[in-house]
Amino acid sequence: TVTFSCDSHYDMPVQFVPCQTRMEVLVGEPTLAFFACYNKTAETLHGMATYTIYPSNAHYYFTKLQCFCFEEQRIKPHEYIELPVFFYIEPDFSQDPNTADSHNMILHYTFFNVDTRPGQ
């Protein structure tokens, strides 16, 4: 099971939520999930997301095929966008003694403001 969570940095005025909170994922099977972001302001925002995997040793087995993280996102005033992440969990995840008993993984994103204009 992969649980999805996210938050936004205090200087990023968006509503940022996972479109699904949890998915049953088969090891080795490509999986597509989405996160939604809504710009609550009348200004265009520029943001970027970073991610974390829990438990921490599971990140060795989490492979992103496509992700919105580490790419600047331009969100127009009051715009709603859905951001995809396409991933799979390496088959060795279930064989590693450090993760074999772990049947749950958390994928967490934090969305940051990357606008570099003065006063932003």
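Q: Which residues is S102 in contact with, leaving aside its neighbours within four places in sequence?
A: S102 is in contact with P55 and F93, where contact means heavy atoms within 4.5 Å. A word on the source: this is a predicted model, where local features need pLDDT of at least 70 and side-chain atom pairs count only at pLDDT 80 or more, while totals for chains, interfaces and linings use all residues. Residues are numbered from 1 along each chain as its sequence is written, and side-chain values use heavy atoms, with hydrogens and water left out.

Q: Ok, and where is S102 found?
A: S102 sits in the loop between β8 (80-89) and β9. Strands here are DSSP runs (E, at least two residues) and helices are too (H or I, at least four), numbered from the N terminus.

Q: Is S102 buried or exposed?
A: S102 has a relative accessible area of 19%, so it is buried. The cut-offs are under 20% for buried, over 50% for exposed and partly exposed in between, using a 1.4 Å probe and protein chains only.

Q: What about F93, buried or exposed?
A: F93 is buried as well, with a relative accessible area of 7%.

Q: Which residue does F93 form an aromatic pair with?
A: F93 pairs with Y61, edge-to-face, at 5.9 Å centre to centre and 70° between the planes. Rings of Phe, Tyr and Trp (its six-membered ring) pair if their centres lie within 6.5 Å; planes under 30 degrees apart are stacked, over 60 edge-to-face and the rest tilted.

Q: Why does that pair tie together separate parts of the sequence?
A: Y61 lies in the loop between β5 and β6 (62-67) and F93 in the loop between β8 and β9, so the pair links parts that are 32 residues apart in sequence. Y61 counts as buried too, at 13% relative accessibility.

Q: How many aromatic pairs are there in the whole structure?
A: A search finds 13. One of them is F4 with F35, which is edge-to-face at 6.0 Å centre to centre and 75° between the planes. F4 lies in strand β1 (residues 2-8) and F35 in strand β4 (residues 31-39), so this pair connects parts 31 residues apart in sequence. Both F4 and F35 are buried. They also belong to one aromatic cluster, whose members include F16, Y51 and F111.

Q: New topic: how many helices and strands does the protein have?
A: There are 0 helices and 9 strands.

Q: Which strands form the open sheet, and in what order?
A: The order of the 5 strands is β3-β1-β9-β5-β7, with mixed pairing. The edge strands, each pairing on one side only, are β3 (22-23) and β7 (73-75). Two strands pair if DSSP finds at least two bridges between them.

Q: How many bridges join β5 to β9?
A: 8 bridges join β5 (residues 45-54) to β9 (residues 105-113), and these strands run antiparallel. As an example, T52 has H108 in β9 as its bridge partner.

Q: Last one, what about the whole protein?
A: Buried residues make up 38% of its 120 residues. The C-alpha atoms fill a box of roughly 50 × 20 × 20 Å along the principal axes. Among contacts with a separation of 6 or more, 72% come from residues 24 or more positions apart.
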